[in-house]
Amino acid sequence: MSKTAALRRLVTEAMQTVQGQTYHKTAPKDAAFPYKTFTLSSVAFVEARDDQELEIDIWDRSPDQKRIEEIADQVERLLTNATLPRPPIYPSFFREARYNLEDPDKTLQHIQLRFLVQLYETEE
């Protein structure tokens, strides 16, 4: 399995421990709220380390932000400054930003989290 596929699987499994289904890139049109989507982008290669940006979008349909804020807090506690080794990959996560994003539909709540992932890989 490629390091990117292994990281995608690890992120999906970790985020499934937090309320709401987790999807890579996009959710199905009939996805139940709340849910989380994520993308990974390679941003730098530093010697033996591949730096990735993990962008997590949390979505909820609700008139207030209480539930979505709780989910975002749980994701932050799970990943901020976490090292989650799963040989042959060894990723460390560092939170970079948290954004409350506005949507024209006032019943749709959206929070975006961004993490730097420092990813090391060993030979299998």
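Me: Let me start with a count: how many salt bridges does the structure hold?
Reply: The structure holds 12 salt bridges. Please keep in mind that this is a predicted model.

Me: Which side chain does Asp-105 meet in a salt bridge?
Reply: Asp-105 pairs with Arg-61, at 2.7 Å from N to O. Asp-105 sits in the loop between strand E5 (89–101) and strand E6 (108–121), while Arg-61 belongs to strand E3, so this pair ties together parts that are 44 residues apart in sequence.

Me: And how do I read the accessibility of these two, Asp-105 and Arg-61?
Reply: Values under 20% count as buried, those over 50% as exposed, and those in between as partly exposed. Asp-105 has a relative accessibility of 31%, so Asp-105 is partly exposed. Arg-61, with 40%, is partly exposed too.

Me: Now a pair inside a helix: how many residues apart are Lys-66 and Glu-70?
Reply: They are 4 residues apart in helix H2 (residues 66–79), which means about one helical turn separates them. Lys-66 is exposed, at 60% relative accessibility, whereas Glu-70 is partly exposed, at 39%.

Me: Where do Arg-95 and Glu-76 lie?
Reply: Take the bridge itself to begin with: the side chains of Arg-95 and Glu-76 meet at 3.3 Å, N to O. Arg-95 lies in strand E5 and Glu-76 in helix H2, so the pair ties together parts 19 residues apart in sequence.

Me: Is Glu-76 buried or exposed?
Reply: Glu-76 is buried, because its relative accessibility is 14% and the cut-off for buried is under 20%.

Me: Which residues are linked with Glu-76 and Arg-95 in a network of salt bridges?
Reply: Glu-69, Asp-73 and Arg-98 are linked with them in that network.

Me: Let me finish with Arg-49. Where is its place in the structure?
Reply: You will find Arg-49 in strand E3, which covers residues 49–61. With a relative accessible area of 16%, Arg-49 is buried. A polar contact of 2.6 Å joins its side chain to that of Asp-51.

Me: What does Arg-49 touch, not counting residues up to four places away in sequence?
Reply: Leaving those out, Arg-49 touches Ala-44, Gln-118, Leu-119 and Tyr-120.

Conventions:
Residues are numbered from 1 along each chain as its sequence is written. This is a predicted model: local features need pLDDT of at least 70, side-chain atom pairs count only at pLDDT 80 or more; totals for chains, interfaces and linings use all residues. Side-chain values use heavy atoms; hydrogens and water are left out. Helices (H or I, at least four residues) and strands (E, at least two) are DSSP runs, numbered from the N terminus. Buried means under 20% relative accessible area, exposed over 50%, partly exposed in between (1.4 Å probe, protein chains only). A polar contact is a pair of N or O atoms within 3.5 Å; within protein, one must be able to donate a hydrogen and the other to accept it, and residues adjacent in sequence count only if both atoms are side-chain atoms. Contact means heavy atoms within 4.5 Å. A salt bridge is a side-chain nitrogen of Lys or Arg within 4 Å of a carboxyl oxygen of Asp or Glu.
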